[in-house]
Amino acid sequence: MKGQGARDRTFCVLKMKELLTVKNLNKHFDGIKALDDFSCTINQNEIVGLIGPNGAGKSTLFNVITGFIQSDSGLAHFKERKVLGKSPNKISKLGISRIFQNLRLIRQMTVLENVLLSFKNQPGEELGNIFFKQKLSGKIENENRTRAMALLKGAGIAEKANDLANNMSYGQQKLLSIVCCLAAGAELLLLDEPVAGIAPEMIEKILTIITGLPQQGKAVIIIEHNMDAISRVCNRVVFMDAGQKVCEGTPEEVRNDPQVIEAYLD
Ligand SMILES: Nc1ncnc2c1ncn2[C@@H]1O[C@H](COP(=O)(O)OP(=O)(O)OP(=O)(O)O)[C@@H](O)[C@H]1O
Ligand SMILES: [Mg+2]
């Protein structure tokens, strides 16, 4: 058993390593402060809940971190690399992927095609591939298909692979969006309301998948209004209102914070 303690300590150090650091982010939309000096840190293997009333700035935070909108000021580092100012595609290649509140699948493509498009190693992406690397392209394509089918199987939707994404239930589309993040090789998944508006059994399925992500070396930020879901899967919860971080702590601590209770009673 000698060395076990050291291994555990190493694991703890690894576990708490900072993955994403966001500092003093500001974003105005006309007169609205969607992000007001917002700072937070996400560690490796953490599942963090981001809660707050409608219009608190939660989705804006995801939009800024993933390059879909530019902040007015502030900093964001992912594994010590600058994030702000990069394109969504570059940020995805760094290892941050997201699902949108209104999902953004390509509905007229099949489920499998949606997953294949998410892989980083797209065959034919480089000009050279088109002319000189057809054989390599074919090999990558086959490998990607196998990996895509394994991911769909893991999510329990492999039998839908050849259906149009549009023909899936809303819950299955949410699942597929998470699979696409995994296909992109994300180390940090930003999930904007992954269980909102779907049937209870699908909520269970999605929560089970989310809970298993840290074991695969992934960290997650979940935006949700469903406090029960947040309490079940999150190690830590951040509560924001009017663009500001109001408090953070365990789900229990945040749920009982007077500022949180007041905000939801207003
Ligand atoms: N592109 C935009 N243009 C103008 N205003 C915006 C834009 N995006 C967000 N806002 C405004 O910024 C504020 C924060 O919006 P955001 O979508 O981030 O809130 P949210 O916390 O995700 O809310 P919800 O829980 O309803 O999804 C809101 O007042 C919203 O109207
Ligand atoms: Mg939102």
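**Labels and what they rest on**

Analyst: At 12% relative accessibility, Phe100 counts as buried, because the cut-off for buried is under 20%. Note that this is a predicted model.

User: Why is Phe68 called partly exposed?

Analyst: Phe68 has 39% relative accessibility. Buried requires under 20% and exposed requires over 50%, with partly exposed in between. Phe68 therefore counts as partly exposed.

User: How many aromatic pairs does a search of the whole structure find?

Analyst: The search finds one. The pair consists of Phe68 and Phe100.

User: What makes Phe68 and Phe100 an aromatic pair, and what makes it edge-to-face?

Analyst: The ring centres are 5.0 Å apart, and a pair needs centres within 6.5 Å. The planes stand at 90°, and an angle over 60 degrees counts as edge-to-face.

User: Why is the pair said to tie parts together?

Analyst: Phe68 lies in the loop between H2 and strand E4 (73–78), while Phe100 lies in the loop between strand E6 (96–99) and helix H4 (111–118). These parts are 32 residues apart in sequence, so the pair ties them together.

User: Which residues lie over the face of Phe100?

Analyst: Arg98 does, at 3.8 Å from the ring centre, and Arg104 does, at 4.0 Å from the ring centre. The distance limit for a charge over a ring is 6 Å.

User: Why is helix H2 described as largely enclosed?

Analyst: H2 covers residues 58–65, and seven of its eight residues are buried, so the rest of the structure largely encloses it. The buried residues are Lys58, Thr60, Leu61, Phe62, Asn63, Val64 and Ile65. Just after H2, Gly67 takes a positive phi of about 80°.

User: What does H2 pack on?

Analyst: First, the sheet itself. Six strands form an open sheet in the order E6-E7-E8-E3-E9-E10, with mixed pairing. E6 and strand E10 (244–249) are called edge strands because each pairs on one side only. The twist averages 20° from one strand to the next. H2 packs on this sheet and touches strand E3 (47–51), E6, E7, E8 and strand E9 (236–241). The direction of H2 makes about 145° with that of E7.

User: How do you know that strands E7 and E8 pair?

Analyst: Strand E7 (residues 188–192) and strand E8 (residues 219–223) are joined over five bridges, in the parallel sense. As an example, the bridge partner of Leu189 in E8 is Val220. Helix H7 also packs on the sheet, touching E6 and E7, and its direction makes about 170° with that of E6.

User: Is Gln173 buried or exposed, and how do you know?

Analyst: Gln173, found in helix H7 (residues 170–183), has 5% relative accessibility and therefore counts as buried. Leaving aside neighbours within four places in sequence, Gln173 is in contact with Leu103, Leu105, Arg107, Ala165, Asn166 and Met168.

User: Which residues touch the most other members of the largest nonpolar core?

Analyst: That core has 50 residues, and those touching the most other members are Val115, Leu152, Leu176, Leu189, Ile206 and Ile222. H7 gives the most to this core, with eight residues. Apart from it lies another core of 28 residues, including Ile42, Ala56, Leu61 and Ala76.

Notes. Residues numbered from 1 in each chain as written. Chains lettered and ligands numbered in written order. Predicted model: local features only at pLDDT ≥ 70, side-chain atom pairs only at ≥ 80, totals over all residues. Heavy atoms only, no water. Buried < 20%, exposed > 50% of the residue type's maximum accessible area, 1.4 Å probe, protein only. Helix = DSSP H or I, 4+ residues; strand = E, 2+ residues; numbered from the N terminus. Phe/Tyr/Trp six-rings, centres within 6.5 Å; stacked < 30°, edge-to-face > 60°. Lys NZ or Arg CZ within 6 Å of the ring centre and 35° of its normal. Contact = heavy atoms within 4.5 Å. Core = buried A, V, L, I, M, F, W, Y, C linked by side-chain atoms within 4.5 Å. Pairing = 2+ DSSP bridges. Axes fitted to C-alpha atoms, helices over the stretch in contact; angles between N-to-C directions.
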